Structures are given as structure tokens and as C-alpha cells.
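Biologist: I am new to this structure and would like to learn how to read it. Could we go through some features in turn?

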Amino acid sequence: MNVRLVTVDEHVLLRLGLARVVAGSGDIDLIGDAGSADEARELILRVRPDVVTFDAALTGTDGFTFARELRAHLPRLGLVLLSAVADDALLYRALDEGLSAYVTKASPSATVVSAVRHAAVAPDSFTAPGLSAALARRRASNGLLSQRERQVLSLMRDGISLPGIATRLQVSEATVKTYVARLYTKLRVNNRSQALMAAVNQGLLSSVDAA
């Protein structure tokens, strides 16, 4: 029995392109497409596909919220994040959110088809091109910072000032400045916004311990 697929993307050309890709697969039927989350919800609950592909950015919501909503109604639904960008942070979040696969729109057709097939037969098992290398980078990043540096990073993410961080951690402001300087050196950045962006890209913020 062929895999029943629905694709959700605001770009019509992407939906048409995916239709052409799966038409040549022989075992995947594109049974519907939608340009927004609202349109897709009704369609998916009506046609009950095996797999849904979607972007991280959707009209009306974000892709991860959309995926959680779908899984709540259809626990065995395969979920493939078909992203416009290749990004470790997106890959890590797709893995942590329990999606079935992560591929980019620039991937070869065979890679996209393979991800859809995987999602149909193993919706609870995650796959992505370069997954092993990305996980190795994540492990290396997680070992990069000390426990206290990770706490400081978490508070910086929450917008806490340096005096506020000192109060939270019950240390001097000078000590906090030392931790921040170490963070900047390890992340190879020069300011708070750069540090937070680097931390997201390296998968650090998803595992930072709260203070």
C-alpha cells in the first residue's frame, strides 16, 4: 500500500515541486497540500495521511507547534520538517520534539523521498542527513562550558543584567564578568547577542541548566 502524503508550505512552487518528486517514486501518493496551518489541520484530519511534510515557518503558527497539535490527534503520524535552511539548531529541535525526519528543500529528491518513507514506517524514529556529525557537534558543545558558565548563559538568555545575574548566583559582579568573558572566548564572540546566537546554533541553550 502506498504512503499517503500531505505537504504544508506557503510556497506553491514548493508544493508543486514535491508533487513531481513523489510522482516518480512509485510508492508515495500526494493526497493533499495546504498553504497554511489552518487549512492543513482540516485537510489532515479529513484525509488521514501517513506522513506530513511542513516548514518551520507556517502562516498562523510555527512548524513545531503545528507538529505537536497533529501528534496529539494522530500519534502514529509521520512528521517531516522540510526546511528552507540547513541549521544544527533546527535539527536538534526536530530531534528533541520527536519528529520523524529533518531535510532541507535543497536536498536531492532521493533524500526527500527517503525521509518520507522513513517517516511512514518509523514515525517515532528520527533521521536526518548528517545526523551523526551533528550529534557529535552537540556533544562537543555540551562539554565546552562549565556548569556555572551554563547558568550564566541561561540567565543572559532570559535578559537578566550582570548585576541581576550576580544576585541570582550570589556572587560578585566582578565574578560574573569573568564568567561572561570566558563565555565570549569559548564561543568566539564579542557581545551578548552574538553569544546567544552562537549558543543556539551549537545546541547549547536547549540543555542549559536553569539557575
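Predicted model: local features only at pLDDT ≥ 70, side-chain atom pairs only at ≥ 80, totals over all residues.

Biologist: What is the order of the strands in the open sheet?

Modeller: The five strands run β2-β1-β3-β6-β7, and their pairing is parallel. β2 (28-34) and β7 (101-104) are the edge strands, each pairing on one side only. From one strand to the next, the twist averages 25°.

Biologist: Over how many bridges do β1 and β3 pair?

Modeller: Strand β1 (residues 3-8) and strand β3 (residues 51-54) pair over four bridges, in the parallel sense. For Thr7, the bridge partner in β3 is Thr53.

Biologist: Which strands does helix α5 lie across?

Modeller: Helix α5 (residues 109-121) lies across β1, β2, β3, β6 (78-83) and β7. Its direction is at about 155° to β6.

Biologist: Now the helices. What describes two packed helices?

Modeller: The general idea is to give the angle between their axes and the distance between the axes. Here, helix α7 (residues 147-157) packs on helix α8 (residues 162-169) at about 130°, and their axes are 10 Å apart. Angles of 65 to 115 degrees count as roughly perpendicular and those over 145 as roughly antiparallel, so α7 and α8 are oblique to each other. The crossing of α7 past α8 is right-handed.

Biologist: Which residues of α7 and α8 meet?

Modeller: On the α7 side they are Arg148, Gln151, Val152, Leu155 and Met156; on the α8 side, Ile165, Arg168 and Leu169. By class, this contact of α7 with α8 has five nonpolar residues, one polar and two charged.

Biologist: At what angle does α8 pack with α9?

Modeller: α8 and helix α9 (residues 173-187) are at about 105°, with axes 8 Å apart. That angle makes α8 roughly perpendicular to α9. α8 contributes Leu162, Pro163, Ile165 and Ala166 to the contact, while α9 contributes Glu173, Val176, Lys177 and Val180. The classes in the contact of α8 with α9 are six nonpolar, no polar and two charged residues.

Biologist: What describes a pair of aromatic rings?

Modeller: Such a pair is described by the distance of the centres and the angle of the planes. A search of the whole structure finds one aromatic pair. Phe54 and Phe66 form this pair, at 6.0 Å centre to centre and with 70° between the planes, which is edge-to-face.

Biologist: Where in the chain are Phe54 and Phe66?

Modeller: Phe54 is in strand β3 and Phe66 is in helix α3 (residues 63-73). The two are twelve residues apart, and the pair links distant parts of the chain.

Technical notes:
Residues numbered from 1 in each chain as written. Heavy atoms only, no water. Axes fitted to C-alpha atoms, helices over the stretch in contact; angles between N-to-C directions. Parallel < 35°, antiparallel > 145°, perpendicular 65-115°, else oblique. Left-handed = near helix turned anticlockwise from the far one by under 90°. Contact = heavy atoms within 4.5 Å. Nonpolar A, V, L, I, M, F, W, Y, C, P; charged D, E, K, R; others polar. Pairing = 2+ DSSP bridges. Phe/Tyr/Trp six-rings, centres within 6.5 Å; stacked < 30°, edge-to-face > 60°.
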